[in-house]
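Colleague: I would like to go through some side-chain and sheet features one at a time. Please give the general idea before the case.

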Amino acid sequence: MGIRTGAQYIDKLNSMRPHVLIDGEVIRENIAEHPAFTNVTRTFATLFDMQHDPQHSEALTYALPQTGERVSTSFLIPRTVEDLERRRQATEVWAEYSHGFLGRTGDYLNSALTALAAAEHWFAQADPQFAQNIRNYYEYARDNDLLATHTLIPPQANRSVSGSEQLGGRLAARIVEEREDGIVISGARMLATIGPIADELLVFPSTVLRGTPEDAPYSYAFAIQNDAPGLRYLCRTSLHNGGSTFDEPLASRFEEMDAVVVFDNVFVPNERIFLLGHPELCNGFYSETGAAALMTGQVIARTISKSTFFLGLASEIAASIGIDGFQHVQESLTELIIDVEIGKALMRTAEVDAELNQFGMMQPKWEPLNAARNWYPKVAQRFPQIIRTLCASGLMALPGEADLASSEVGDIELYLQAKSLTGPERVKLFKLAHDASISGFASRQALYEYFFFGDPVRMAGALVNSYDVEPARRGIRDLLARHD
Ligand SMILES: Cc1cc2nc3c(=O)[nH]c(=O)nc-3n(C[C@H](O)[C@H](O)[C@H](O)COP(=O)(O)OP(=O)(O)OC[C@H]3O[C@@H](n4cnc5c(N)ncnc54)[C@H](O)[C@@H]3O)c2cc1C
């Protein structure tokens, strides 16, 4: 089939029979028509349509050598640095459409599947069938242009014990039965962003497994259809309050939804299992295959778009109300400029210093990507803070779109005008600032970026433990030993 259109994506979604709980209502069909999902599915549909648009198709797709069929560039196994650049440029096209606010565009998990398929021999260490399974699944996802979500971490009942020890092992999703034709999973995983509007769910390893017999039922990697019997999504309340694109310019377009994932005796057929047992392999699933590097490359490309959005927004606000000449405002703008340039520099270094990995995939250099993924979650917290500081009460003096058609529009035109904007223009700009800095949507975005790769505290520990500081330490010892 190759690349889908937006209409094909929505038709398939509406024909699926998932189990989605939201605000007390269970939805089993026509997901894309539910108010919590209509707008975001239309946004994702636009991304699918962009693949067919002559303006973007060259960047977003490539022709399969075997068939000539066009598929998403996010499935291109990079063999050269030029391939990596091509993958990044495709990510940039989609990221620029949402200004980085959509975290789960298809290219994120397609990147994971691409690296995993390139490393198929790694899976053969456990079982040659797993190697075949991951290759087949990658081709299935690529050829049908599927949208996947993923779920990794166990429920948060008690973090002082491992997932397998929570409630005597009855909370976290685990294998409850091994059958001739597959496995059965029960329990829960904490979250899946875009869960209700995806085609597929990837259930991959995440927390470190100890390799004890108790952890054996938690050692697996598999994929299932989003409407697999027994799979349930428990959604949070939507952060789009129903406002127009004027009143909620970001939430009305990019509210992705997060959902708890419950497995109630979910059957996983053998052909969708990529790992079973082998906790040591589960622990190296992302790093040893190169999946972490391709996924992080996608994320950093996206976050550059987001940093650029905040630089643009802050600059527009500063100019509009005449605060752009004040030193602390310029200091904030400088901070945003530096963030954009650091992101670009780390991305570029990762590409230029890429090397072929043992599976013949051109793998971006890990150290700059690892630095970026430890750096960005923290600087991203500053973005809304800067917008709030620049806007001040402007974020509250904010009538809605309907008020522009009221008898008081004259007040808005007179009293809400800005140095360089009419009253209505200023209201529109500050609505965007509101949705980017203090709305529920904005708070969720900040939380999302902070925990995107996991807990930053433990990530920092992992970075310290894995980074080669010996050359730096040697420099110090050499200096101390010098007698000049
Ligand atoms: C908006 C959003 C969307 C998400 N989407 C997805 C998704 O699509 N798929 C998915 O799999 N996950 C998703 N996640 C989950 C994300 O991976 C986790 O938030 C992240 O891994 C941190 O885990 P946690 O939330 O369980 O926090 P916890 O691990 O429970 O941490 C809570 C607090 O306790 C501290 N803490 C806990 N344990 C330790 C420890 N051992 N040592 C030191 N400090 C500790 C942490 O530092 C933190 O301050 C999403 C999260 C958010 C916020």
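Colleague: Is Phe 309 buried or exposed?

Modeller: Buried means under 20% relative accessible area, exposed over 50%, and partly exposed in between, with a 1.4 Å probe and protein chains only. Phe 309 has a relative accessible area of 9%, so the residue is buried. Phe 310 counts as buried too, at 3% relative accessibility. This is a predicted model, in which local features need pLDDT of at least 70 and side-chain atom pairs count only at pLDDT 80 or more, while totals for chains, interfaces and linings use all residues. Residues are numbered from 1 along each chain as its sequence is written, and side-chain values use heavy atoms, with hydrogens and water left out.

Colleague: How many aromatic pairs does the structure hold?

Modeller: A pair of aromatic rings is described by the distance of the centres and the angle of the planes. Rings of Phe, Tyr and Trp (its six-membered ring) pair if their centres lie within 6.5 Å; planes under 30 degrees apart count as stacked, over 60 as edge-to-face and the rest as tilted. The structure holds 23 such pairs. For Phe 309 and Phe 310 the ring centres are 5.2 Å apart and the planes stand at 85°, so the pair is edge-to-face. Trp 375 and Tyr 376 are also edge-to-face, because their planes are at 65°, with centres 6.1 Å apart. Trp 375 is partly exposed at 21% relative accessibility, whereas Tyr 376 is buried at 4%.

Colleague: Which residues form one aromatic cluster?

Modeller: Trp 122, Phe 123, Tyr 137, Tyr 140, Phe 204, Phe 274, Phe 285 and Tyr 286.

Colleague: Which residue lies over the face of Tyr 140?

Modeller: A charge sits over a ring if NZ of Lys or CZ of Arg is within 6 Å of the ring centre and within 35 degrees of the ring normal. Over Tyr 140 it is Arg 272, at 4.7 Å from the ring centre. Arg 444 has its charged end over the ring of Tyr 448, 4.5 Å from the centre.

Colleague: What is the strand order in the open sheet of four strands?

Modeller: Strands (E, at least two residues) are DSSP runs, numbered from the N terminus, and two strands pair if DSSP finds at least two bridges between them. The order is E5-E8-E9-E12, with mixed pairing. E5 (148-151) and E12 (273-276) are the edge strands; each has a single partner strand, so one side of each is left without a neighbour in the sheet. E8 (residues 200-203) and E9 (residues 220-225) run antiparallel, joined by four bridges, and Leu 202 stands opposite Ala 223 in E9.
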